[in-house]
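Thanks for coming, everyone. Let me put the structure up, and then we'll walk through a few of its parts.

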Amino acid sequence: MTTLFLHFFLFSITTCVANLIPAVHSHCIEDQQLSLLHFKKSLAFDSSESSKLIKWNSSTDCCFWLGVTCSSNGHVVDLDLSSESISCSIDNSSSLFQLQHLQSLNLADNDFIGSQIPSAIGKLTNLRYLNLNAANFSGEIPIEISRLARLAILDLSSSSRDLGAENTNLSMLFQNLTELTELNLDGNNLSAQGPHWCQAISSSLTNLRVLSLSKCDLSGPICESLTKLQSLTEIYLDFNNFYAPVPRLFANFSKLTSLDLGDSNFQGTFPKEIFQIPCLQTIDLSWNTELCGSFPEFPKNGSLQSIDVSDTNFSGILPNSIGNLKLLSILYLSKYSFTGSVPKSIANLTKLVNLDLSGNLFNGPISAISWESLVNLERLDLSGNLLNGSIPSSIFSLPLLGVLLLFDNLFSGQLPELSNTSSPLLSDLYLGNNNLEGQIPTSIFNLQGLRHLHLSSNNFSGFPFHGPQRPIELLDLDLTDNSLFDYNGTGSSFLQISYLLLASNKLRVFPDFLKNQSALSVLDLSRNQIQGQIPNWIWSIKSLEKLNLSCNSFSTLESPLPNYTILYSLDLHSNKLRSFPNFLRNQSELDYLDLSNNQIQGQIPNWIWSNNFRQKLYLSCNSLESLQAPLLDSTFTVSVLDLHSNQLQGQIPMFVSGQYLDYSRNNFSSSIPTDIGDFISATTSLSLSSNNLHGAIPKSICNASAQVLDLSNNSLSGIIPQCLTQSQSRSVIDLRRNNLTGTIPDNFVEHCKLQTLDLSNNQIQGQFPKSLVNCSSLEVLNLGNNQITDTFPCLLKSISTLRVLVLRFNKFYGSIGCPKTNNTWPVLQIIHLAHNNFSGEIPAKMSLTWQAMVANEDDSSTNLGYVSRLVLIASKTSSVAQPVTPIRPGVDYRNGITTFIKGLELDLVMILTIFTVIDFSYNNFNGSIPDEMGQLKSLYVLNLSGNALTGEIPSSFGNMRQLESLDLSQNHLSGQIPPQFANLTFLAFLNVSNNQLTGRIPTSTQFSTFPNTSFEGNQGLWGPPLTADTVAVPPPPKSNGSLSNMNSGDEIDWDIISVEIGFTCGFGIAVGSLLFCKRWRKWYYRAMCNILFKIFPQLEQRFGNHTRHVYVNTRWSH
């Protein structure tokens, strides 16, 4: 700590001055010198790094040794061996502890190899200063330190965090240290003390000025007795685990200059008064994400120099009084909910060095702020807000500005012209994702120090590649997603760019200015409209390493010139190439090659395998039919090989081994080789799905360490190998749509990491595997379309991660009610039990535990995504530091299911996390439909058809506002269709046919779209669309000689009334407009005259001139 070292420096100066004159005339006492020499001898240290110990010897007086200070009578009072590269332990017998007159001992920044602090330290009772900072001591803080009653400064801070007080009584440790002014225990483990650390310090250390307990695993709350420490000037409690509010008592420390509470899990509302402590200079509350608060009005001439509330839950406005803090140099307010405009008074903070307001909701323009007054500003970050208007030129006039981040805002207009004196130190300029437009001015190069220029996601139409008249070296230029058109001209040789990103523009030809780029290493021209040939001169850029030309319309490559560049990455996916570029056979260091989604036909040449450096090879979505094996029967090792969606035939290639192998959606027609496990032992993902593979699954496939094994959509037969389910690391087993028989192996190991098990559409028999309960991370279980006979798998109720459960078309039976279902499947979103033999009532409370269906979608925090999307290889994305390739799908596995939706059987290739289905159709459920089902507000599909359900349809179904498909057909339901169904505005499919429903079909926009087949088979049901709306309604029954309540008798025909109301309102608006609006009245008169004149031409001859004369006079009379 700065203050800690300052106090030590003053203490040392005082000691030296007090002993300077006597020391000149005194000599080191012999026993003191011998003790020091013995101490040196016991130490192991690096003589090449030592500046003090290496010079100690018996021929000179010890009082003149570096690191040693003596008193007037020759006793050693100060020993400083900090940073001496000591690497050994010190025991209690060390001669160090014979130096009884020591007042200052500094052993900081050494390595005492994790040994304990010797308890003999308690013998040095004259110590005023003890510094063991970063000395790699471990174990317990010795209680003997309590004997050092004269101690003023104690620093036991540890970077290894192996020192602590697990069994030490802190109250006893501190009870005698009443003169202590500075305590530094950073990095010590004090978690065993609980909240009692606070009481132990406040009861004894009343003279404390500096309290530093960073990274001590402290817990809260902070005790009120801490107010006793009224001398405190610095408090450092960052990186702890308080989980408690910040106490208001901190505002009572009138001498406080520094307060650091960062990343300590403080909660509640921060007391505003603390900001107003008169002497406070530095306050850090960052990374307390549950700490709320707002700024007070700051007094004039405040003393604050640094404020950091980034990554907290602070909100509100930044008050105009922030301008009163004339000494402020650092202001961090990033990543939360500040609103309003950036105050103009920010310009008063002339000492400001770093201003970060990023990631908030600040809005409005910033052009009214006098930015030119912030002459000391080095970094300005306003990114991720709602700021609009133009970017002021004054912001570029700051002499010390090095980083300017304005991306992710709503700035518009053109970039301002920049003068020759514009911010010479500005190296990083980020303006991406705004609404800027027009030509980028040539004066941008007046920023002499510019190295990183990011202008992506705007509407710029041009960049001055020809502009600079002096050497400019840009490390990266990002113009992605703009409106740049073709650039004609050779460009300036003065402008050299290392990373150039021009993706997603409107380029139609290859830019010629690239010919002058001698430093270009990364070029991205993807997602443009470039056609024809790739010019050969591009391969002559010797520095080029990574090239992305994907998503264009290139059809051929011009033959490269001699001595072409050696690439590391080439992306040509989504073009119109018809063959493999021949020059690739000599690209010996190409690590990444993507030719997917082209029109390449024929054979994969064997030279593609000859490059041992190639790690990622993507050839999917072409028309490839075969592949040549590598020469000399060698094997080819890759990280990724993607051949899916081609027309490859024959046997599965066994000469390739890799981490990710995708051969899916081809025409491989062999059996799986029995020795396949010898080639895929290191494979983490293997997909052979959607081929014509037959035969049994070989046992050797279990040798693969694959997290994902996908053999779906083939013609495999036989039983599932027992070893397949015994892997602890496998995440996905997908064997659906084969001809597998036998039973499911019941040997899932404990702590298995299986997330997806899909065995649907096979001929599997037997019982449900009980050991599946060991797979506590299971998300998707699909056993549909088999012949499994068992009861409902209640044993899975403890698996809280289950999202999809499909048991459709099996022989399950019995009740689906499970005991103790309070927290069963909170994220379940699809349960499909159709076509089984389940019976009994539908449990009322069970569905309420499925919180993913209960939660209102508007209130849900679930992000839109896919169920169990297991990403195995990092997606090929660009980054700020190295924007190499554009975003495209990563190597991953996504689940799919088959289900009935809106009366149709659909295959869902991917399952959205917001998609929810309950399908209990065609079982033997009886009893009434639970009213609690109406609380499933996020349910999309509900199918209860083909059961024996009775009673009325619950009116609570009207609460399921997200419902799109509802099938209650073929039951024994009675009563009316609830009028609340009119609230289901998203309902696209409804089937209540073949029940015993009565009454009138509700009238609403949605119901008018359903066919009559949705309601047929209910004899007492009437009204459109089932019958005409003219059915006579029997007179309502009389009660006590009078008509019964209108609500239970005649119904109001809103169809007729709505027409009458509509006509009345429309007629009133039309007439009113003509009466009160002169302009409309004139238009109506003219239009009617024109119509009448066309019908009766003779009227125009009589009145036509008169009407024109009237309107001419009327117009000019105003």
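Start at C752, which is buried, with a relative accessible area of 3%. Buried means under 20% relative accessible area, exposed over 50%, and partly exposed in between, with a 1.4 Å probe and protein chains only. A word on the source: this is a predicted model, where local features need pLDDT of at least 70, side-chain atom pairs count only at pLDDT 80 or more, and totals for chains, interfaces and linings use all residues. Residues are numbered from 1 along each chain as its sequence is written, and side-chain values use heavy atoms, leaving out hydrogens and water.

Back to C752. What does C752 form with C775? A disulfide, with the sulfur atoms 1.9 Å apart. The rule for a disulfide is a pair of cysteine sulfur atoms within 2.5 Å. C752 sits in the loop between β49 (739-740) and β50 (756-758), and C775 in the loop between β50 and β51 (780-782). Helices (H or I, at least four residues) and strands (E, at least two) are DSSP runs, numbered from the N terminus. C775 counts as buried, at 0% relative accessibility.

How many disulfides are there by this rule? The count is 6. Their pattern is 1-2, 3-4, 5-6, 7-8, 9-10, 11-12, counting bonded cysteines along the chain.

Next pair: C794 and C818. Their sulfur atoms are 1.9 Å apart. The torsion about the S-S bond is about -80 degrees, so this disulfide is left-handed. Both cysteines are buried.

Now compare C28 and C62. Here the sulfur atoms are 1.7 Å apart. This link is right-handed, with 85 degrees about the S-S bond. C28 lies in the loop between α1 (2-25) and α2, while C62 lies in the loop between α2 and β1.

That brings us to helix α2, residues 30-42. Its buried residues are Q32, Q33, S35, L36, F39 and K40. Covering here goes by contact, meaning heavy atoms within 4.5 Å.

Last stop: P1002. This proline is in the loop between β67 (996-1000) and β68 (1020-1022). P1002 counts as buried, at 11% relative accessibility. Setting aside residues up to four places away in sequence, P1002 touches I977, P978, P979 and F1007.

Note on methods. The expected span of a helix is 1.5 Å times one less than its number of residues.
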